[in-house]
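Visitor: I'd like to learn how to read a new structure. Could you walk me through this one?

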Amino acid sequence: MTLTQLRYLVAIADSGLNITLAAERVHATQPGLSKQLKQLEDELGFQLFTRKGRSLEAVAPAGERVLMHARRILEEAGNIRAYAANERGQHSGQLVLATTHTQARFVLPEAIAAVKREFPQVSMHLQAVAGDEVLEQLARGEADLAVISTAGAEPEGGVAVPLYRWRRLVLIPRTHPLAKLKRAPTLAELAAHPLVSYESSTRAESSLRRTFVDAGLEPQLAMTARDADLIKTYVRAGLGVGVLAEMAVGARDEDLVALPAPDALPECVTWAVIPRARVLREYALALLHGIAPQLDRRDLRRVLEGNLEPQWPQAPSWRELSQPITT
């Protein structure tokens with residue numbers, strides 16, 4: 001049994017039992033991957049997958065147990081490599097980060113650029129997806145860490161580290177009736193207009209939707225999108241009132257009016273989520289510190305290693321970290 005065979009096994013399971021896709025993900029040939037799977041099954045003495053003809057149909061019950069141990073073994077092997085690289089002072093490698101479009105576009109560029117200057121041999125890979133897909137990628141082992149926002153409890157799926165707090169803004173053309181308010185509109189005033197916001201706003205558990213419903217109101221969602229730039233594009237096109245993260249509004253948006261969102265809309269927290277017992281490379285710690293300077297790299301490492309209970313410092317507000325346009 002080899003680590004390569006276990007890696008191929010996990011790749012097959014995570015590729016929906018698609019051998020071709022699994023081979024692409026591990027940079028192997030399809031015949032080579034199939035051969036290694038057969039050798040592993042021959043050594044174990046049972047099949048890891050049920051088959052229908054030449055195709056894999058499902059993970060066998062015994063295969064599920066083997067997969068659980070294989071994932072653990074591969075994770076620990078990765079931790080050993082990361083620990084050894086840190087000890088050697090070797091700072092080359094890659095960092096895969098799962099996050100949302102807003103974080104990728106408006107928050108991470110400066111922090112990633114700083115990491116690249118400090119660690120030029122590191123390859124950074126951003127996977128910008130919908131909010132509900134971020135933690136799924138982390139759970140599948142397709143990312144080293146995740147950056148995601150919530151308006152409620154801390155996210156699950158690993159060690160959650162608070163990075164910063166933020167609020168929403170209301171974004172409108174200068175000719176829009178709400179532009180005359182010079183203050184935050186009320187929920188009732190917002191409910192009277194079509195809204196353009198993130199696609200998550202359509203879900204029942206959305207904090208935006210819950211806030212309106214709790215006030216006895218129903219938001220008029222004219223359009224939703226994953227990308228804040230798209231939201232602003234359609235606000236400019238006159239489709240409705242934009243409700244989006246304050247980080248997404250900057251100097252290029254001076255043609256629009258940005259007002260504070262109603263106080264009833266809850267404050268959000270952006271978190272880093274890291275798999276438990278993960279040994280992070282120095283450049284990953286540098287990235288987190290670059291986003292959230294209040295974090296101590298040594299404490300972060302000790303928490304991940306299980307040698308310190310998490311007692312994170314108060315996360316600063318986005319306004320304390322930068323100065324986006326708000327008027």
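This is a predicted model: local features need pLDDT of at least 70, side-chain atom pairs count only at pLDDT 80 or more; totals for chains, interfaces and linings use all residues.

Guide: Residues are numbered from 1 along each chain as its sequence is written, and side-chain values use heavy atoms, with hydrogens and water left out.

Visitor: What is the volume of the largest pocket?

Guide: Rolling a probe the size of a water molecule over the atoms shows where empty space is left. On a 1 Å grid over the protein atoms alone, a pocket is an open set of points with protein on both sides within 12 Å along at least five of seven lines, while a cavity is a set where a 1.4 Å probe fits but cannot get out; lining residues have an atom within 4 Å of a point. Points are joined across faces, edges and corners, and a volume is the space filled by probe spheres set on them. Here the largest pocket comes to about 1600 Å³.

Visitor: Which residues lie nearest its centre?

Guide: Of the 40 lining residues, those are Gly141, Glu142, Ala143, Asp144 and Arg278. Elements giving two or more residues to this lining include helix H1 (3-14), helix H4 (61-88) and strand S3 (93-99); helices (H or I, at least four residues) and strands (E, at least two) are DSSP runs, numbered from the N terminus. H4 supplies the largest share, eight residues. By class, the lining has 16 nonpolar, twelve polar and twelve charged residues (Ala, Val, Leu, Ile, Met, Phe, Trp, Tyr, Cys and Pro count as nonpolar, Asp, Glu, Lys and Arg as charged, and the others, Gly among them, as polar).

Visitor: And what lines the second largest pocket?

Guide: That pocket, of about 910 Å³, is lined by 36 residues, with Gly131, Ser149, Thr150, Ser200 and Arg203 nearest its centre. Among the elements giving two or more residues are helix H5 (101-118) and strand S5 (145-150). Its lining splits into 15 nonpolar, 13 polar and eight charged residues.

Visitor: How many bridges join S3 to S4?

Guide: Two strands pair if DSSP finds at least two bridges between them. S3 and S4 run parallel and are joined by seven bridges; Leu95, for one, has Met124 in S4 as its bridge partner. Together with H5, S3 and S4 make a right-handed β-α-β unit (with the strands pointing away from the viewer, the path from the first strand over the helix to the second runs clockwise).

Visitor: Is His27 buried or exposed?

Guide: Buried means under 20% relative accessible area, exposed over 50%, and partly exposed in between (1.4 Å probe, protein chains only). His27 is exposed because its relative accessible area is 75%, and Lys182 is exposed too, at 72%.

Visitor: What lines the largest cavity?

Guide: Arg278, Val279, Leu280, Leu285, Arg301, Leu304 and Glu305 do. The cavity has a volume of about 30 Å³, and its lining holds four nonpolar, no polar and three charged residues.
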